[in-house]
Structures are given as structure tokens and as C-alpha cells.
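The following exercises are meant for a reader who is new to this structure. Please look at the sequence and the model before reading each worked solution.

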Amino acid sequence: MEMIHLILIIFLGGAVLTYFAGKVNDILRDALFILSILVPAILFFTNVNPESYIDLSIAGFNMKWGITHFGWIFSLIVLGLGVIVSFYAVSFMKGRDKVGSFYFNFILSIGAMLGILLSQDFVSFFIFWEIMTWSSYLMVVYNGNQVQKIGIKYFVFSAVGAYAMLMAIVITHSITGSFLITDLIAVFPQLSNQMHILIPILFLIGFGVKSAMMPLHVWAPGAYSNTPMAYTSVFSGALSKMGVYGMVLIMITLISHIPEGHWFREVIAWMGAFTAVLGTLWAVAQDDAKKLLAYSSVAQLGYIITGVAIGTELAMLSALFLSILHALFKGTLFMAVGAIEKQTGTSNFTEVSGLIRKMPWTFLASLMAIIALAGIPPLGGFVGKWMLYESLINSNHYILVIMIFFSSTAAFLYCYKFLFGFFLGQEEKEWAHVKEAPALMVVPMIILAAGTFILGAYPGLILSPIDAGMQAIGFEATQGHYWEMSVILNQWGDQVVLQPIVYAIFAIFLFFFLFLFFKSRKNTRYVTTKDISSSGEVPLEHENLTFSQNFFQPFLRAVEPVMRRQIDKYYNEFGRGLEAIFDFGRRIYTGNGQTYAIYVIIFVIILLFFKNNLFG
Amino acid sequence: MVGSPVLFIAIPLLAAFIIPLLGMIWKESVRILPGLVLVYLLTLSINLLGYVLDNGPIIEIIAGWTPPWGINLVFSAFSGFLVTLMLFLGLLVWIYSYRFKRNVDFEPAKKYFILLMMLITGSVGIVLTGDIFNQFVFIEIVGISAYALTAFYTGRDSAEASFKYLIMGSLSAGFLLLAIVILYSQLGTLNMADIARNIHTVKPVYKITALIFFIVGLGIEAEMFPLNGWAPDVYSQAPGPVGAAFAGIVVKSGVYAIIRIVYTIFDIEGAFDFLVIIGLITLLFAETAAIKQIRMKRMLAYSSIGQMGLVLVAFGIGTEAGVFAALFLMFNHAIIKSLLFYAGSYLVFNSKEKYINDVSGLGKSMPITSFLFALGAFAIVGLPPFAGFWSKLYFLIAAADSGMIMIIALILIVSIVEIVYYFRVVNKIYFSKKEAHVVPQRPTFNALFSMIVLGLIVIIIGFFPDLITGILHDASRDLMDKTDYINNVLSITH
Amino acid sequence: MEPILYKVFGAVVTIILAFVVGMTYMGLSRKITARVQNRVGPPVYQNFLDALKLISKKTAIHHGIMQMMGPAFFMVTSIGSLMFIPVLNDGRFFSNLNFEGDLVFLLYLMVFGPLGMALGAGQTGNPNSAIGVTRGLSQMVGFEIPWVMALVALMIQYDTTSIVGLMEAQSASGTWLVFSSPFAFIAAVLAMLGMFRYSPFDIVGAPTELASGPVAENGGKYLFTMMSSNSIFAFVKLTLYVDLFLGGADNLIELLIKTFAIYLIPMLYGLVSPRYRTEQAVRYFWGWPLFFGFLAIMYAVVF
């Protein structure tokens with residue numbers, strides 16, 4: 001048996017077995033759950049060689065499975081994140097009900113994502129894509145909150161995307177007679193102009209939905225925040241990257257003869273930038289950490305989409321690097337929210353504050369992830385952001401630079417809100433009992449956060465597989481031009497040498513930290529957050545000094561004109577309009593036998609009247 | 001050859017008569033006999049189908065008159081496949097309803113099984129016969145048993161539904177008879193093959209009028225818009241398994257008749273486009289009506305109508321790939337819609353008004369039924385890796401190959417509507433709070449068995465579509481080859 | 001080991017220089033403000049005395065580890081960005097890390113400090129600190145945009161993102177950038193008003209409303225660290241402006257003159273302006289400064 005078959009069968013069988021093991025024994029179930037992700041991951045990374053394919057035929061469709069160098073980058077995200085989060089999930093799900101179905105969908109969606117990357121033909125691609133969609137849908141509705149609204153919205157948008165993709169696939173098949181992705185790529189330049197526009201746009205809708213591109217993003221905030229946090233890390237970190245993966249496939253390999261700067265790329269780059277800006281502004285306005293991170297994910301994917309759309313070597317490097325980074329830091333953050341939610345029962349900033357002394361490790365992981373998210377050196381996020389800016393400037397997209405920069409500066413607002421809302425501020429008595437999350441939850445967070453740190457100093461570690469992947473889809477080698485192990489360069493040869501920077505920053509930080517901390521450690525004492533100087537008065541015990549309502553009110557007032565118009569509302573209006581039309585459809589069936597008989601007569605008369613037009 | 005196609009009509013008809021007689025001797029035989037008959041017929045049809053796939057169609061002459069004078073039955077790959085499918089579904093209906101209302105009297109059970117036997121006789125007859133008047137007779141048999149089955153619960157609403165069905169059925173019969181009369185007056189024959197051979201000699205005006213009457217008459221059976229007003233009422237009032245039988249068996253025979261008319265008998269190209277258009281309209285109105293339904297079975301009924309519309313579109317494509325897709329769609333619709341009717345009627349079993357809201361939160365108390373319903377919902381909207389996906393894919397490929405891009409777009413948009421209303425129900429089952437007044441009903445073992453069989457088929461075909469595609473290819477090739485059909489029938493001698 | 005020791009020594013000297021200059025400027029600004037308001041004012045060296053006092057104080061209480069990390073983060077930014085800015089045109093001695101980071105990097109490094117300090121202020125639990133922080137961050141979003149636009153304009157005009165590259169371009173062409181890309185200079189100067197947080201943009205500390213905002217809870221060594229890193233940071237910003245727009249400085253005297261000239265702009269503007277509200281401040285930066293930013297980019301694209 002081929003290794004790829006074995007891996008997929010382990011995923012599928014593991015999912016089913018894990019589900020039923022839950023009826024027998026909880027520990028067995030947890031162990032099976034971790035194994036059915038860990039074992040395929042190990043098998044995949046040890047035994048599956050990139051660029052070696054197997055053929056199979058199902059239902060008359062020729063399928064081709066195998067991993068490209070390019071797909072391998074994404075498999076790193078999917079399986080790496082999947083394995084790490086699976087440990088977290090075991091601890092996160094302890095004591096909840098419907099654990100079995102959670103595990104089932106978790107394993108299945110990881111398997112489906114890997115399947116997507118393995119598929120070299122559109123039929124299996126679509127099959128895995130849909131499996132991924134419905135398994136993640138079942139995760140979205142898992143909690144049972146607002147399933148009809150959020151769940152249906154997610155699935156409808158996914159279906160719109162999937163069907164757009166399906167349409168592109170069958171149209172392709174009708175032209176090329178083949179479902180292989182390589183065949184489409186080979187044939188594409190000879191197609192008619194109409195097809196040149198239609199096929200990429202249809203694919204783009206398909207992938208744009210999953211990667212939450214404006215204006216197809218409206219499902220994302222609800223879906224991300226409604227999902228159990230253990231899965232949201234994968235959802236936002238890996239699943240949304242499948243959209244990016246597809247987008248690269250289409251934008252780069254399919255239309256590679258469309259030059260850089262072509263309107264098609266420009267439009268998408270702008271959509272990415274708008275996604276980033278609006279997503280960020282909405283994130284700032286949220287009071288719930290899950291929603292905040294959800295909008296933030298939308299915004300971050302906006303950067304990635306912009307990078308992919310620009311499509312120069314540096315832009316692609318940055319987009320792919322950011323994809324991996326986003327999986328790392330957003331995975332960490334969602335897990336942190338999950339940990340906080342598990343320990344305190346809420347994820348709302350207005351309810352909980354001052355957890356830093358109770359959950360220090362969670363704070364540390366969040367802090368690192370936030371620094372990476374904000375793109376501040378020396379953590380990895382900076383490298384991706386830097387490359388993105390430089391690529392935009394080098395490719396003459398000046399307004400886009402400003403937009404992206406605006407959004408990443410405004411991102412500081414919600415970054416701060418996240419850290420302050422949960423960890424800093426007044427320590428309320430109400431949360432005095434809170435303990436640090438179990439080690440099984442903390443360690444995965446720390447591992448991912450450490451990943452951002454390592455990539456900040458040595459981005460070359462991950463840029464070299466990215467480079468290999470990019471060469472596989474037709475780019476020039478970039479090592480030495482744009483990056484070395486710990487140096488990043490732009491097209492003009494300007495560089496950032498990361499290693500001395502990291503050293504310098506740490507040296508300075510340590511020096512002052514020790515200066516402030518160690519020297520005064522012995523003769524200072526900790527005082528509660530009530531013990532503060534408030535214009536000379538000492539606040540009393542019952543006085544509420546927590547500041548969390550309307551946190552960024554002044555800022556939101558400043559940007560209010562932009563936020564007044566919600567895309568969501570337009571969709572709702574559209575939906576209501578459709579419902580009205582549907583109601584008309586329903587009214588045709590009056591339930592009256594006479595009416596139905598009249599319909600028959602009228603139908604006959606119409607047919608007889610137009611018989612020559614219809615059958616002539 | 002192990003048997004003759006004539007047995008498919010003779011045995012169940014005979015059984016229908018014997019049931020009340022046997023019932024006088026041993027009451028349980030009323031329930032057992034239909035099952036034995038159906039098992040025998042199913043094995044027979046599978047054997048015959050195997051034979052036919054190797055050796056070409058079986059033409060059976062009745063009463064010694066050779067075509068075009070006598071009545072003949074045609075058991076080809078196409079009709080054989082449909083017969084097998086119908087008998088299989090009939091068997092499942094029997095299993096499902098074996099203990100149906102056992103606590104009630106012996107009388108209803110007797111009537112029920114007699115009518116079921118007649119329904120199956122008629123439907124199988126429609127598919128097998130090679131004579132249009134004979135087909136008309138079978139349609140009437142189906143109709144009469146179907147009216148009675150609809151009114152099985154003898155309530156006000158079911159009587160009303162049955163009456164509506166009766167009105168529409170009579171209209172249908174009238175138009176069919178008109179069409180037959182027109183053809184007979186022009187050609188002097190009732191044999192399908194003979195008509196098909198000579199149809200080019202008929203003047204267009206007669207030809208087209210006859211076709212229109214056929215389409216209207218058969219369209220009522222096949223739930224074509226706007227002739228399908230009876231369907232929602234009938235589905236929602238008839239007992240659950242009967243709804244499944246209608247969706248899986250009766251409507252299939254109606255569609256078969258239309259297809260036979262359009263593909264084999266007439267040579268009018270416009271009819272194909274007409275099928276596409278009318279199928280699309282049916283699909284559109286049915287799905288939009290379905291989304292606004294608040295009752296479970298009505299929703300399933302509209303969905304069923306919509307699926308038939310899709311099947312008509314697929315047949316209207318007119319290529320072999322289109323026919324193949326249409327047959328696959330029919331197969332999936334039969335399996336999945338039966339599953340949905342079975343599971344759905346158990347979910348609303350104890351609810352008075354059969355509202356969709358009443359299924360809320362039943363996922364916990366009826367895990368297997370809920371799971372099977374969800375499986376059916378996933379499959380019917382075409383999610384991989386379940387059976388419905390493949391037929392949808394084949395359909396889209398066939399449509400794309402014929403250049404119907406806008407139609408694909410329209411159908412996909414409608415599919416989204418379908419997703420919405422099915423997923424609403426699934427969400428309600430699993431993720432909503434239970435309604436206090438609803439008492440969950442444990443399915444009987446038989447019902448569970450037939451549902452699980454259907455569920456397994458959905459999953460197995462989903463993973464191994466190759467199991468079915470071979471037969472479907474043969475069947476679609478068989479339908480496409482018109483001259484072969486004519487020659488086979490007319491060359492037959494004693 | 002010689003070059004590294006040499007470098008470390010150079011870095012230390014740079015830091016001390018920045019500290020002294022920054023402190024002196026702050027003292028000068030206090031003096032000038034006082035004279036304008038018809039007061040005598042503290043002596044110019046008052047800030048040094050304050051620093052001395054703060055550092056010699058013993059810290060008695062703290063609110064937790066983040067409060068200690070906050071000032072350290074700020075210091076990282078100040079000194080870190082100082083390392084990447086060429087102090088003099090021909091500054092072998094002051095070269096530090098000049099060639100190893102570019103403008104985009106510097107932009108990001110420079111926002112690190114405020115964020116770190118904001119975190120430190122957050123842990124103290126004083127609501128005034130947090131309010132100050134939100135105001136500061138909002139204002140930062142405001143002024144960063146014209147500032148970035150000015151920098152982008154420079155980058156595309158001279159096809160380099162490195163500060164050293166821009167300085168070389170100036171010395172090669174013989175004109176200062178303030179003349180060759182005037183709109184960028186205007187946008188940058190307007191952004192600088194926000195960066196220095198003098199009135200009307202002193203909404204972060206807002207003495208009358210917030211009791212000095214983020215730093216409210218800090219005293220002793222914390223306050224010293226903040227104060228000194230603030231002065232270093234002021235020096236960094238001024239030097240950056242001089243390097244970018246005024247052709248850099250050939251010797252220390254020239255540097256002092258040029259930086260002080262720049263420093264006067266926000267200070268004098270502040271003397272005559274009352275404080276904005278936060279949204280007014282933010283919107284201010286998205287008005288004319290943004291317009292000039294666009295002009296600068298257009299100018300850079302056209303020429």
C-alpha cells in the first residue's frame with residue numbers, strides 16, 4: 001500500500017475509532033485522538049517525498065496524489081499546528097460533553113486539509129475541500145450558540161465558494177477533458193479571453209471565502225469565535241491558509257503569464273488591503289477576545305492576500321512566511337483565550353482583568369505572540385511584515401503600503417487591548433481563585449510562541465523550504481538575493497541583519513531589567529493594584545477602578561465614518577429580499593385543488609400556444 | 001435466463017389478490033407474503049439484469065401476439081436497472097412498515113399491503129411495458145392505489161390530499177388518453193417501437209400536440225412544475241414509508257415514462273430544451289418553496305420535487321453523459337430521499353403538527369435516527385464523501401460539456417438554498433434545546449434496519465462509486481440507442 | 001577583540017551623548033516655556049538634578065513583573081533605535097549598527113517602546129494610566145500615517161530604504177531633502193508634532209485630567225529609566241529628522257544646531273496651542289498632514 005493511502009486511512013479510521021473509543025474509555029479516546037494525528041504526521045514527514053505521485057482512478061476520474069514542494073510548506077502548518085494543538089485539545093476538552101464528535105471532526109479536518117495539499121487533481125481537491133468545510137462547520141456549531149445564524153452563514157458562504165470552485169472545475173474539464181491541475185495550467189494560456197477572466201474569478205471566490213477576503217469575510221468573526229478555542233487555533237491558523245494555498249495555485253501558477261501589475265492582481269491586492277484595514281478597525285471595536293482575534297485573523301489574512309496578489313518574489317516570500325507566522329501566533333493566542341475561558345468562564349475583556357499574576361505562563365505566551373502579531377522586532381512577525389512592506393515599495397504600490405501600515409499600526413490598539421484586558425489592570429477579588437491552566441495547555445502555547453522567537457532570529461530556517469516551494473511553482477531562487485539565514489534584504493540591497501539586532505535588544509533589555517528588578521528585589525514589596533496614587537487619595541476597597549468599557553472610544557469616534565457601513569448589513573438585506581422572493585414561490589402552492597387544476601389547464605394552453613417556439 | 005419479465009407484473013398482482021384470502025387463514029401472512037414476493041422479485045430482477053448486461057435486452061411477448069400488434073415487455077439495461085431499484089426500495093418499504101401500526105387492527109395492515117403491492121405492480125409495469133396504452137393502464141393502477149394510500153390515515157387532511165391527487169390524476173389520465181388517441185389515429189399502432197419507427201411520417205402539428213399532452217399527463221406523475229400541486233399535500237399526509245415509496249418508486253416511473261416518450265418515441269429536438277427549462281423552473285420553485293416550509297414532510301416533499309426537476313434537466317442535456325448523470329441522480333434520490341423520509345417521519349413521530357421545530361434537540365434522545373437524517377441531509381446536498389456528491393459532479397460535468405454554464409450557475413445557487421433548509425433542520429436536531437412537549441419515539445427494529453441499510457449504501461457509494469457506475473453506463477447507453485430499441489422489439493418472433 | 005571593544009565603547013559614548021543632549025533640551029524647553037509664560041523657570045540643568053534624585057531613591061513597592069519590564073522595553077527602543085541612526089555623516093566612531101537596519105525596521109522598533117511602556121503602566125492598575133495609554137496609542141495611529149507617507153516618499157524618490165543610503169543621496173546631490181522633497185518634509189514635521197507630545201498633542205499625560213497618565217504610578221528608578229529613555233528617544237527622533245531632511249551633520253556642533261532648530265518646532269507650536277481631544281488629534285493627522293503625505297508621494301512618483 002502506498003504511504004499516502006495509509007496516511008489518509010489512518011486519519012479516517014482514527015477519526016471513527018476515536019469517536020467510538022469515547023464510549024468505552026476516556027483515556028483510550030484521548031490517546032487515540034493524539035495518535036491519529038501524530039502518527040500520520042510522523043509518517044508524512046519521514047516517508048512521503050515531495051514530487052513523487054501516485055495515480056488512482058475512482059468513478060472514472062483519474063486522480064493523482066502526491067505533495068509538491070510548495071504544498072509541503074502548508075503541510076508543515078497543517079500537521080505541525082495540528083499535532084501541537086491536539087495535545088492542547090485533550091486538556092481543553094476534558095470534562096465537556098460531545099468530546100467524541102469534537103475529536104472526530106478535528107481529526108477529519110486535519111486529514112482533509114492534508115488531503116487538499118496532496119491532491120494534484122481537482123476532483124479529489126474538491127472532495128477534500130468539502131470534507132474540510134463540513135467538518136469545520138460541525139465545529140462551528142459545536143457549542144450550540146446561534147447555530148442558525150453563525151453556522152448557516154458559515155456554511156452558505158463556504159458553499160458559495162465551493163460551488164464557484166466546482167463550476168470552475170467542471171468548466172475546466174469541459175475544455176481540457178482532464179481534471180489534473182497541471183493540465184489546466186498547461187492549457188490555460190491558450191484559452192479564450194472570456195475563460196481567462198471567468199476561471200480565475202471563480203476560483204478566487206472559492207479560495208477568497210476560506211481566506212476571509214473582503215467582502216466574503218462576514219462569516220469569519222462569528223465562526224471563529226463560536227468554535228471551541230482548541231479548534232479555532234487550527235481554524236484560523238491552518239484552515240484559512242488552505243484558501244491562501246489555493247490562491248497561490250491560481251494566481252501564480254495558473255495565470256503566471258499575466259504580468260505583475262495586471263489589473264487582476266491589483267484588484268485582489270487592493271481587496272486584501274481593504275480586508276486588512278477594515279478587519280483591524282473592527283477588531284479594535286470588539287469587547288470579546290474571540291471576536292477580536294477573529295477580526296484580527298481576517299486582517300492578517302488580508303496582508304497575506306495582498307502579498308500573494310502582488311506576486312513578486314519578495315511578496316510571495318513574505319506572504320508565505322506570514323502564513324506560517326500567523327499559524328504560530330494566532331494559534332497561540334486562540335489557545336490562550338481558550339485557557340482563560342476554561343479557567344475563568346469568560347472571554348470578555350469587560351468581565352475579567354488582572355490575570356497576569358495568576359496565569360503568568362499564559363501571559364508570557366500571549367505577550368510573545370502579540371509582539372509577533374504586531375510585527376515588532378525581534379520576533380518573527382517583523383520579518384514577514386518587513387518583507388511585505390519592502391516588496392510593496394519595490395513594486396510601486398505606495399498607497400497599499402500606507403494602508404497596510406495603517407492597519408498594522410492600528411493593530412497595536414487591539415494588541416494592547418488583548419493584553420491589558422485579560423492580564424493587566426485591576427485585580428478583582430472575583431478572579432482571586434483563578435489558577436494557571438494545566439501544563440498540557442500551557443506547553444503547546446509556549447512551544448508555538450517560542451517558534452515565533454526562533455523565526456525572528458533565524459528566518460532562514462523556514463525561508464529555505466519556502467524558497468524550495470517557490471522554485472517548484474516557477475520562481476527564481478531567492479536565497480542570497482532576498483534572504484540569508486538571518487539577514488533579510490530588499491530589491492535595492494538594503495538589509496536588516498537580524499542576529500546582532502536580537503543580541504543587542506536582549507542585552508539592553510536584560511541590563512535594564514536587572515537594573516530595575518534585581519537590584520531592588522530585596523527591598524521592595526508587592527502591593528495590590530488598589531494601592532495606587534489617585535490624585536492623592538487612596539481608593540477604598542469597594543471602589544471599582546477597572547477600565548475596560550469603551551476602551552478605544554476616542555479612536556473609534558475618529559474612524560466612525562468608516563465603520564458605520566457594515567458589509568454584513570448588506571448581506572442581511574440581500575437575504576431578506578431573497579426570503580421575500582421565496583415566500584412568493586411558496587404562495588404558488590396554495591393548497592387548493594381547484595387552483596392546481598387551473599394551473600394544469602393554463603400550462604397546457606401555454607404549451608399549445610407556444611408549441612412552435614418550443615418544439616418547432 | 002431464470003425467469004420472465006412478465007413475472008414482475010403477474011406475481012405482485014396475484015399477491016395483491018391472495019393477501020386477503022390468506023389473511024383469513026393466518027393473519028400474519030398479510031405481512032409476510034409481500035416480503036416474500038418482493039425478495040423473490042428482487043433476486044429475479046438482479047439475475048435478469050446480470051443476464052441483460054451480458055446478452056442484450058429481453059423482449060417478452062404477451063399472449064402470443066408479436067409486436068407491433070401485441071403487447072410486449074422490454075427488460076433492457078435501462079428499464080431493468082429502474083425495476084431493480086424500485087423493487088429494492090419496495091422491499092425496504094416493506095421492511096420498514098412490517099410492524100407498522102401493529103397495535104392497530106389487522107384490517108389496515110391488509111389494505112396497506114394490498115395497495116403497496118398494487119403500487120409496485122403498476123410502477124414496475126410502467127417501466128417494463130412497450131405499449132403506450134398498456135402503460136396508461138399501469139399509470140391508472142398506480143394512481144388508484146396511490147390515492148388510497150394517501151388517505152390511509154382516514155383523517156380530514158389526508159382525505160383532502162387524496163382528493164386533490166385524485167383530481168390531478170384524472171386530469172393526467174384525460175390528457176394521456178388524448179395523446180394516445182392522437183397517435184393511434186395517425187399511425188394505427190400503440191406499440192412504442194412501432195410508433196418510434198414511423199413517427200417521422202406524422203404531421204408536426206399532431207406530433208407536437210400529442211407530445212404536449214403526453215408531457216402534461218406524465219408531468220403530473222413526475223411532479224413537473226406547475227403540475228405538482230398535489231405532491232406536497234400527498235407527501236405530508238401519507239404515512240412516512242408511503243412518502244418514501246412515492247418519492248422512490250412512483251415518481252421514478254413517471255419520469256421514466258416522460259423520458260421514454262421524449263427519447264425513444266418522438267423525434268422532436270425541442271423537447272430536450274423544454275425538459276431543461278421546465279426542470280429548471282421546477283427546481284427553482286420547489287427549492288424556494290421548501291425553504292419556507294415549517295412542516296417536516298412538506299419540506300421533504302418540496303425537496304423531492306426539486307430533485308426531480310434536476311433529474312429532468314439532466315435528461316434534457318440529451319447526451320449520454322447527461323443520461324448517466326440523470327440516472328445516478330435518480331438512484332441517489334431514491335436512496336437518500338427514502339432515508340430522509342424514514343428518519344424524518346420518526347423524528348416528528350409524536351409531534352401533532354409535524355413542525356420542523358419539534359425535532360429540536362432530538363439528537364440526544366434519538367441518536368441513530370438523528371445521525372441517519374443528518375447523513376441523508378449531507379448526502380442530498382451533495383457533500384463528499386457521500387453518494388449525492390458523485391451524481392452532482394457527474395451532472396455538472398455533463399452540463400458543462402454541453403456548454404450550459406449559466407444553467408450550472410443557477411443550479412448551484414439553488415443548491416445553496418437546499419443547503420440552508422437542510423442544515424437548519426440538522427442544526428435544530430443537534431444544537432437546539434428540546435421542545436418540552438415532544439416525546440422521542442424509538443424506531444422499531446425493522447425501521448432501523450432499513451434506515452441503516454440505506455445509510456450504509458449512501459456511505460458505500462460515496463466511497464466506492466465504481467460499484468454503481470458500470471450499470472449506469474450500460475443503462476444510459478441503452479436509452480440513447482433508439483434504433484437498437486426499435487430493432488430489438490420489432491425483430492422479435494416466436 | 002579590538003573592533004568589538006571599540007564598538008561597545010562607541011555605543012556607550014553615543015548613549016551618553018544622547019542622554020546628555022536629550023536632558024539638556026528638555027531643560028531648555030522648560031526654561032523657554034517658563035519665559036514665554038513670564039515665569040523664571042527652573043535652571044537648564046534641573047533635569048539632571050531630577051534624574052540624580054530619582055536614581056538615588058530606594059524603590060519601596062511594585063505592582064508586578066510587567067511594571068518592571070515596561071521601562072526596560074522603553075529603554076530597548078530608545079537605545080536600540082539610537083544604534084541604528086547615524087549620528088554624524090562621517091561617523092566611524094558612532095557607526096554602531098548603522099548599516100544593519102533600514103527605515104522600515106526603525107519604524108517598527110520605534111513603536112515597540114510605547115507599547116512596552118503601556119504594558120508596564122497597565123499592570124499598575126491605575127485607570128488613569130490605562131486611559132493615557134489608549135489615548136497615546138490612538139494618537140500614534142494618527143501620526144504614524146503621515147510620517148510613513150513621508151518616509152515612503154523619500155524611499156521611492158531615492159530608491160533606497162536605508163538611512164545611510166538617503167544621507168549618501170543627499171551628499172551626492174548636494175541638496176538637502178528638505179528642498180528636494182519639501183512635501184515629505186512638511187508631512188513629517190506635522191507628524192513630529194504628535195510624536196513629541198507637546199501641546200496640543202499632550203493628551204497622553206494630560207496633567208490636569210490624567211495626573212500624568214501612564215507614568216502616574218512610577219517613581220524612583222522606574223521614573224528615572226523612563227525619563228532618561230525619553231530623552232534619548234527625543235535625541236533619536238531629532239537626529240533622524242536631521243539625517244533625513246537636513247543632510248545630516250558633519251560635526252557635533254552642527255548636529256546640535258540642527259537638532260535644536262527642529263526641536264523648536266513642536267515646542268513653540270505647543271506653547272500657543274490648547275490641548276486637543278483624542279479624536280480631534282487623530283483626525284488632525286488625517287487632514288492636512290495626510291494631504292501633504294499624498295502630495296509627497298505624488299511628487300516622488302512624478303520626479
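**Exercise 1: Chain A as a whole**

Of the 616 residues in chain A, 59% are classed as buried, where buried stands for 20 or more other C-beta atoms within 10 Å of a residue's own, with C-beta atoms placed from the backbone. The model is a predicted one, in which local features need pLDDT of at least 70 and side-chain atom pairs count only at pLDDT 80 or more, while totals for chains, interfaces and linings use all residues. Residues are numbered from 1 along each chain as its sequence is written, and chains are lettered from A and ligands numbered from 1 in the order in which they are written.

Task: describe the secondary structure and the overall dimensions of chain A.

Solution.
1. Chain A contains 24 helices and six strands; these are DSSP runs numbered from the N terminus, helices being H or I with at least four residues and strands E with at least two.
2. The radius of gyration of chain A, 26 Å, is close to the 25 Å of the globule rule for 616 residues, so chain A is as compact as a globular protein of that length. The radius is taken over C-alpha atoms, and the rule is 2.2 Å times the number of residues to the power 0.38.
3. Along the principal axes, the C-alpha atoms of chain A fill a box of roughly 100 × 65 × 55 Å.

**Exercise 2: Contacts between chains**

Task: determine which pair of chains shares the most contacts, and what the side of chain B that touches chain A consists of.

Solution.
1. Two pairs of chains are in contact, and chains A and C share the most contacts; a contact requires C-beta atoms, placed from the backbone, within 7 Å.
2. Chains B and C do not touch, their nearest C-alpha atoms being 40 Å apart.
3. The contact of chains A and B takes 46 residues from chain A and 49 residues from chain B.
4. On the side of chain B, H17(B) gives the largest share, twelve residues.
5. That side of chain B divides into 37 nonpolar, six polar and six charged residues. Nonpolar covers Ala, Val, Leu, Ile, Met, Phe, Trp, Tyr, Cys and Pro; charged covers Asp, Glu, Lys and Arg; the others, Gly among them, are polar.

**Exercise 3: Helix H19(B)**

Task: state which residues of H19(B) are buried and what they pack against.

Solution.
1. In H19(B), the buried residues are B:Ile468, B:Ile471, B:Leu472, B:Ala475, B:Ser476, B:Asp478 and B:Leu479.
2. They cover an arc of only 150° around the axis, which puts them on the same side of H19(B); the arc is that of the directions from the helix axis to the C-beta atoms.
3. The buried residues of H19(B) pack against helices H3, H10, H13 and H18 of chain B.

Notes: A residue is buried if 20 or more other C-beta atoms lie within 10 Å of its own, exposed if 12 or fewer, and partly exposed in between; C-beta atoms are placed from the backbone.
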